[in-house]
Structures are given as C-alpha cells and as structure tokens.
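Let's take a walk through a protein model together. Keep the sequence and the 3D view side by side as you read.

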Amino acid sequence: AVRSIINVTTEMEGFRAQWTTYLGDQKLANAELERLGKLANSLPQDIGDLTQAFTVFTRFGLNTSNEAMTAFANIASANSKSIVQFAEAVADSLTGEFERLKEFGIKVSNENGKLIARIGEDTVAVATSASELTKQLTALGEEGGRFAGAAEAQANTLSTALSNLRGALFLAADEVGQGGFGAALAEAARQITDYINNNDELIQQIS
C-alpha cells in the first residue's frame, strides 16, 4: 500500500508539474485533474490512462475537452486498445509517422499529394496535411462517427467496473500522498539524504 501511494504520488507530481507548464496555471492543472477523475467514471479507461493520454494530447495542442477525450476513448475501446496507445499513435501521425495507426485498423497512404486513410476498403479521411488528417480521424469517435458509443457500450462490463475501482484507488492514493503522509515521507527522505551526505567517513568505513 505504501509503495502504491509513493508511486502514485510521484507520478501525479510529475503530471501536475507538466500540466502547470503547458496550461500556465497550477489551479487550472488541478481543475483539469479533477475533471478527468469525474470523466473516468463514465469511461472504460481509468484516471491513470486518461492523465497520460491528456499529457500527450496537450503536448501536441489537441482538444482535450470531455467530448474530445470521449471520442478518443471510443476509438481506443472499439479496437481493444488503451487511450494511451491511441494518444501515441496520434502523436506519431502528427509528425508524419502513421505506422501505429495500423493498430487501430487505419492504414494511411500518400496518393497524389494527399493523405488517404482507410479502414478495410472504406476511405475514412482525405487530407493534405497530417494535422488535418488527425482531426478527421478523431471524428471517427465523435457522435455519428464510425466508433461512436464504443466506450458507452462497455459501461456495464466487468472491465469498466474494475477500471473505475482502479481509478478510485488511484485518486485515494494521490490524496493521501498529497497530504501529511507524503510530506512526512519527503521529510524523512531529506533527513536520510542529509545524513548520508554528512557522514562520508562512516560510509567509507562501511565500504
């Protein structure tokens, strides 16, 4: 339990630091984390996956609203993949690398100066740039899209129930870690570090 709290706390500290940099405000970063925690309860992906995916999407300047994150989750769910895997595939596609999209049944080819994405024999996107192609592919998970409702269809499954449980435990561990427990561990770590740094002779004797 302690190891889990430490892992979650250090992971979330990293996310908060990144989000504060990307979003420009620590309060906004905390608000986004709270929003994703609530959103995770309606998706088969847990808060840990959502936060990792959010970081990737934000880094590349993509929309991370509830609607957009749900669309991403739909595409991932429909292909039995994690939303983090989809985020990484999208990140690659924005740099002109489309290999990972094949994991989602999407094949992209360059034909006569245009990027054409197909699922099977069906053309699902035609664009002149990687960013425009990504926008069109995201629409596959939006209302009316090919993968719309995939996440909702899993709402009453065991996998979603377990995902929600993991999310609840994750947030609980984060709350404990951000409170007095985490502060006490940090202080203990600093004291041990100072002790080691100030006792070179003892370390040499042990050696």
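This is a predicted model: local features need pLDDT of at least 70, side-chain atom pairs count only at pLDDT 80 or more; totals for chains, interfaces and linings use all residues.

Residues are numbered from 1 along each chain as its sequence is written, and side-chain values use heavy atoms, with hydrogens and water left out.

Start at strand β1, residues 107–111, which runs antiparallel to strand β2, residues 114–119, with five bridges joining them. Strands here are DSSP runs of E with at least two residues, while helices are runs of H or I with at least four, numbered from the N terminus; two strands pair if DSSP finds at least two bridges between them. Look for S109, whose bridge partner in β2 is I116. Two residues lie between β1 and β2 in their hairpin, and N112 in the turn has a positive phi of about 55°.

Now follow β2 onward. Its antiparallel pairing with strand β3, residues 122–127, also has five bridges, and R118 stands opposite T123 in β3. This hairpin has two residues between its strands too, and G120 takes a positive phi near 65°.

Next, find the surface patch. I192, Y195, I196, L202, I203 and I206 form a nonpolar patch with about 580 Å² of accessible area together. Helices α9 (180–197) and α10 (200–206) each supply at least two of the patch residues. Accessible areas come from the Shrake-Rupley method with a 1.4 Å probe, and for residues only the protein chains shown count as cover.

Is I196 buried, partly exposed or exposed? This residue of helix α9 counts as partly exposed because its relative accessibility is 43%, and buried means under 20%, exposed over 50%, with partly exposed in between (1.4 Å probe, protein chains only).

Definitions and conventions. Patches are made of residues with over 30% relative accessible area and no salt bridge: like charges are joined within 9 Å, nonpolar side chains (Val, Leu, Ile, Met, Phe, Trp, Tyr) within 5 Å. A salt bridge is a side-chain nitrogen of Lys or Arg within 4 Å of a carboxyl oxygen of Asp or Glu.
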